[in-house]
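Student: Hey, can you walk me through this one? I'm new to it.
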Amino acid sequence: MQVTMRVNGVEVTGRIEGRLLLVHFLRDHLGLTGTHWGCDTSNCGACVVWLDREPVKSCTVLAAMAGGHDVDTVEGLEADGELDPVQRGFMACHGLQCGFCTPGMMMTARALLDRNPDPSEQEIRRAIAGQVCRCTGYASIVRSVQWAAEQAGTREPGS
């Protein structure tokens, strides 16, 4: 079957099997390897992308289901050669260790800040509760999101 969607603002079309997961379409067909495939059970959250601006675990979405929709990945956070405040916050506050969960955490954090530009620590922790980090203990991730909130408010991906 053929599927067409907008990924990071660019229309893409690919020939796929009906059972292909969105995470594999992004990684294997489009070469967008920032979206990680981790647990195989939708528990870890490393594969979070936006589907029509809502965070989803791309290992639970068939690529065919994304047809006709907008998909944004961590690669789309950078705009005009400048990193998003969330990306800069993860660097400044050491919100990453091994980096495996980082793309999904960043996409979730950006979505939170777009809805709530000044979240409390508890709201940040609630937003990232569906994601697993085995390295940082989450304190540095929370600080990274707080740093980003202080630096900038909301913005559209790619702008």
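Student: What does Phe90 touch, leaving out residues up to four places away in sequence?
Tutor: This is a predicted model, to begin with. In it, Phe90 contacts Gly95, Leu96, Thr102, Met105, Met106, Ile141, Ser144 and Val145, with residues up to four places away in sequence not counted.

Student: Which residues have the most contacts inside the largest nonpolar core?
Tutor: Val86, Phe90 and Met105. That core has 22 residues.

Student: And which elements give two or more residues to this core?
Tutor: Strand S3, helix H2 (85-92), helix H3 (102-115) and helix H5 (139-151). H3 gives the most, with seven residues.

Student: What else is there in the way of cores?
Tutor: There is a second, separate core of 17 residues. Ile16, Leu51, Val56 and Ala63 are among them.

Student: OK, new topic. Where do the side chains of S1 point?
Tutor: They alternate. Val3, Met5 and Val7 point to one face and are buried.

Student: In which sense do S1 and S2 pair?
Tutor: Antiparallel, over six bridges. Val7 has Val10 in S2 as its bridge partner. The two strands form a hairpin, with two residues between them. In the turn, Asn8 has a positive phi of about 50 degrees.

Student: S1 and S5, parallel or antiparallel?
Tutor: Parallel, over two bridges. There, Arg6 has Asp70 in S5 as its bridge partner.

Student: Now helix H1. Which of its residues are buried?
Tutor: H1 covers residues 22-29, and the buried ones are Leu22, Val23, His24, Phe25 and Leu26.

Student: What covers them?
Tutor: The cover includes four strands: S1 (2-7), S2 (10-15), S3 (48-51) and S5 (70-72).

Student: What comes just after H1?
Tutor: Gly31, with a positive phi of about 70 degrees.

Student: Switching to charges. How many salt bridges does the structure hold?
Tutor: Seven. As background, side chains of opposite charge can pair when their charged atoms come close.

Student: Give me one. Which side chain does Arg19 meet in a salt bridge?
Tutor: The side chain of Glu17, at 2.8 Å from N to O.

Student: What about Glu82? Which residue does Glu82 form a salt bridge with?
Tutor: Arg88. The closest N and O atoms are 3.9 Å apart. Glu82 is exposed, with a relative accessible area of 53%. Arg88 is partly exposed, at 27%.

Student: And Arg125? Which residue is its salt bridge partner?
Tutor: Glu121, with the closest N and O atoms 3.0 Å apart. Both sit in helix H4 (residues 121-127). They are four residues apart there, so about one helical turn separates them.

Student: How accessible are Arg125 and Glu121?
Tutor: Both are partly exposed. Arg125 has a relative accessible area of 31%, and Glu121 is at 40%.

Notes: Residues are numbered from 1 along each chain as its sequence is written. This is a predicted model: local features need pLDDT of at least 70, side-chain atom pairs count only at pLDDT 80 or more; totals for chains, interfaces and linings use all residues. Side-chain values use heavy atoms; hydrogens and water are left out. Buried means under 20% relative accessible area, exposed over 50%, partly exposed in between (1.4 Å probe, protein chains only). Contact means heavy atoms within 4.5 Å. A nonpolar core is a set of buried Ala, Val, Leu, Ile, Met, Phe, Trp, Tyr and Cys residues joined through side-chain atoms within 4.5 Å. A salt bridge is a side-chain nitrogen of Lys or Arg within 4 Å of a carboxyl oxygen of Asp or Glu. Two strands pair if DSSP finds at least two bridges between them.
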